[in-house]
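Please have the structure open as you read.

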Amino acid sequence: MAGRRVNVNVGVLGHIDSGKTTLARALSTTASTAAFDKHPQSRERGITLDLGFSCFSVPLPARLRSALPAPHAAPEAGPEPGEPQLQVTLVDCPGHASLIRTIIGGAQIIDLMMLVIDVTKGMQTQSAECLVIGQIACQKLVVVLNKVDLLAEGKRQAAIDKMTKKMQKTLENTKFRGAPIIPVAAKPGGPEAPETEAPQGISELIELLMSQITIPTRNPSGPFLMSVDHCFSIKGQGTVMTGTILSGSINLGDSVEIPALKVIDDCNVIGRSLFKKETNIQLFVGLKVLLSTGELGVIDSAFGQSGKFKIHIPGGLSPESKKSLMPTLKKRGRAGQGEAAKQEEGAGRPEPAQHVTLSLSFKRYIFDTHKRMVQSP
């Protein structure tokens, strides 16, 4: 078992501006490209807009080694080079009310929840919502009273004790009754304080987390199930999705079905040059289109403001159609009207071996307040 790494996901949830990202930064030793509000809009607005991922590692506690599969069990021993490690991945969730869907998405992959509370304000609206989400998504909770450095030094301990009692009363009627509560100061002095100011209570928080963490059950032989955490595009390569595998396993070259996007082998094509770039293609999602090769498809989704859109072919493409749409690398040129090209990876710009046109027919009534697109059955 020497060198083995066991991962546990710990969610960092709470009301906006309670110091979640700052706490994650204080705990972490390794940050992903999506950690600590690196998105330009997050920095501009000063709030977390998407899930952030970072982690820290500690030697695997002796009490958890017995929970590992027998072949990998190791005798209890002191810290040694190459000994098994416990990797704690922190999932930093947004706190703004309008981003509740992102919060729920983050809660689906966590094994333990840290509810971060601004000790100067107590429970707030999103704090309560996160508590409800936590009751559904995970089994264990640690309450972190952050920003204790903002309390008057002479009355600090009394204020912490008072807030602790309030939180205990709040948790009484939940499954987290008796959950541990710990005070910290992730960034003493606030955001403008110099970096020389060391966080307070972080080592105690790590010790508390180690006492509460249990190794989650993963089933590598079960059906492949991955929760998509991030989705972004790379120019010239296509769409990249990263996520957390909840069950099953996957190998390089395996085909993956993505039910939420209806992306199945040979059942989708990418259309272009049918709409202007400024057109809101979402208004056309669900409408039927006819390919010149004979297949009937449905507009499934759009690719931002690029003018491109995805067409789902419920019955799949015929072998003749696939042959027509097989891309060949050509010099970049002006696309024809209503072309469809199968999405492929590769250098340069792929062009279909034979142009396939799309036909879209619909009506929109002038006096319809909803401006719906109507098609004949």
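L23, A26 and L27 in α1 meet I202, L205 and I206 in α7, where contact means heavy atoms within 4.5 Å. The two helices pack at an angle of about 85 degrees, with their axes 10 Å apart. That makes α1 roughly perpendicular to α7 (65 to 115 degrees counts as roughly perpendicular).

A word on the source: this is a predicted model, in which local features need pLDDT of at least 70 and side-chain atom pairs count only at pLDDT 80 or more, while totals for chains, interfaces and linings use all residues. Residues are numbered from 1 along each chain as its sequence is written, and side-chain values use heavy atoms, leaving out hydrogens and water.

| Group in α6 | Residues |
|---|---|
| Buried | I160, M163, T164, M167, L171 |
| Exposed | A158, K162, K165, K169 |

Covering the buried residues are elements including β5 (112-118), α5 (125-137), β6 (141-146) and β7 (181-183).

Next comes T174, in the loop between α6 and β7. T174 is buried, with a relative accessible area of 15%. Leaving aside residues up to four places away in sequence, T174 touches L131 and Q135. Its side chain also reaches the backbone nitrogen of F176 at 3.1 Å.

Note on methods
Buried means under 20% relative accessible area, exposed over 50%, partly exposed in between (1.4 Å probe, protein chains only). Helices (H or I, at least four residues) and strands (E, at least two) are DSSP runs, numbered from the N terminus. A polar contact is a pair of N or O atoms within 3.5 Å; within protein, one must be able to donate a hydrogen and the other to accept it, and residues adjacent in sequence count only if both atoms are side-chain atoms. Axes are lines fitted to C-alpha atoms, for helices over the stretch in contact, and angles run from 0 to 180 degrees between N-to-C directions. Angles under 35 degrees count as roughly parallel, over 145 as roughly antiparallel, 65 to 115 as roughly perpendicular and the rest as oblique.
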